[in-house]
Amino acid sequence: MWPWDAPARQVAVVGLPGHGKTVFLAGLFWDSFYALATSLSDQQADGQRFIVRAANETASDLFYENAILLERRRLPAPNHRVANPPPAILEYDGIPNRRRWPRRRRLQLHFYDVAGELFAQDQYVRRDVAFLAHADDLIFVFDPTHETFSPPAAAQLINRVFRCAPWLARRNVVVAMTKLDRLQRLCREAVDWSLQYGRSDAEALLDLPSIFDTKPPDAADLPDYLRSMQAISAHVRSWWLHPDRQAQAVLNLLPARARFCAVSALGDVGTTEARDGEVLLTGRPEPYRICDPLLWIFRAAGILS
Ligand SMILES: Nc1nc2c(ncn2[C@@H]2O[C@H](COP(=O)(O)OP(=O)(O)OP(=O)(O)O)[C@@H](O)[C@H]2O)c(=O)[nH]1
Ligand SMILES: [Mg+2]
């Protein structure tokens, strides 16, 4: 039986061009497809399974095609500037909940991903990103290694989103710091990259062992995993307040309940450049903590506790 009656949430991914929104979504699906489908399924007792399925053709084209690209060590292309795209709907079935009955839940997530340049002006946001107004979950994606990243640039984006749709401040807001693998590599190699702040400050973002915990949560250790998500959230939140950053103003623009994550959609696989200039992966992605924003959404939906 196809479960049409699953509750649905609208998830908008927001970020500047090139900060990793599309690869983040591709990594999220990759992780659900490979890691969570195994770790959250009960192999023995009740045989209950965790299933992720594309519920419309847009999702089929987007998520499966991107997973096939990643299998081939290739990366999704930057988004074309398309106004008001249809959602890519994923259905999650068999989400474990140890505390409440029923023990397994179902949820549809309608994902929206547009070119970051559409967040550059209020008129684009109002006209071409209309779905934003109906979002239940907002995921802000920031790449701290990107040349366009800075606290004022982050604040400008957040400010714009809430100026265009002030009621979103009452919705579930997740801030995901991406490309942690790249940040780690840059710190390790002590490369003098174009961050506006010091190396020790960048390292502070990596200073939590559970960020690199590559073991996906299973149904039994979910409570521990959720606790580690809380610790990471507090850690990343305080990173914005580092003396080099002094970005209290950024936090003040966000709702007090906003959650913070630190993720890598690709993990420690490196990249190389092909002769035609295309960036290729040197191995299969091994994302870390990429499911955290997803689990925050499950929690906000009240189906994971
Ligand atoms: N090392 C590393 N690189 C990443 C990761 N995620 C994205 N990238 C790189 O960043 C580039 C841009 O990522 P996208 O996901 O296309 O960025 P976007 O935010 O969707 O960009 P627009 O669609 O132009 O707004 C990718 O082509 C990758 O080279 C990551 O987790 N680790
Ligand atoms: Mg994109």
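**Sheet.** I looked up the strand order first. In this predicted model, an open sheet of 7 strands runs β2-β3-β4-β1-β5-β6-β7, with mixed pairing. Strands are DSSP runs of E, at least two residues long, and helices are runs of H or I, at least four, numbered from the N terminus. Two strands pair if DSSP finds at least two bridges between them. I noted β2 (51-54) and β7 (259-262) as the edge strands, each pairing on one side only. From one strand to the next, the twist averages 25°. Axes are lines fitted to C-alpha atoms, for helices over the stretch in contact, with angles from 0 to 180 degrees between N-to-C directions.

**Helix on the sheet.** Helix α9 (residues 292-300) packs on the sheet and touches β1 (8-14), β3 (88-96), β4 (104-113), β5, β6 and β7. Contact means C-beta atoms, placed from the backbone, within 7 Å. The direction of α9 makes about 170° with that of β6.

**β5 and β6.** I checked β5 (residues 137-142) against β6 (residues 172-177): they pair in the parallel sense over 6 bridges. Leu 138 stands opposite Val 173 in β6.

**Ligand 1.** I found 22 residues around ligand 1, the closest being Lys 21, Thr 22, Val 23, Asn 79 and Gly 116. A residue is near when its C-beta atom, placed from the backbone, lies within 6 Å. Both α1 (21-39) and α5 (180-189) supply at least two shell residues. α1 gives the most, with 3 residues.

**Numbering and cut-offs.** Residues count from 1 along each chain as its sequence is written, while chains are lettered from A and ligands numbered from 1 in written order. Local features need pLDDT of at least 70 and side-chain atom pairs 80 or more, whereas totals for chains, interfaces and linings use all residues.

Conventions. Two residues are in contact if their C-beta atoms, placed from the backbone, lie within 7 Å.
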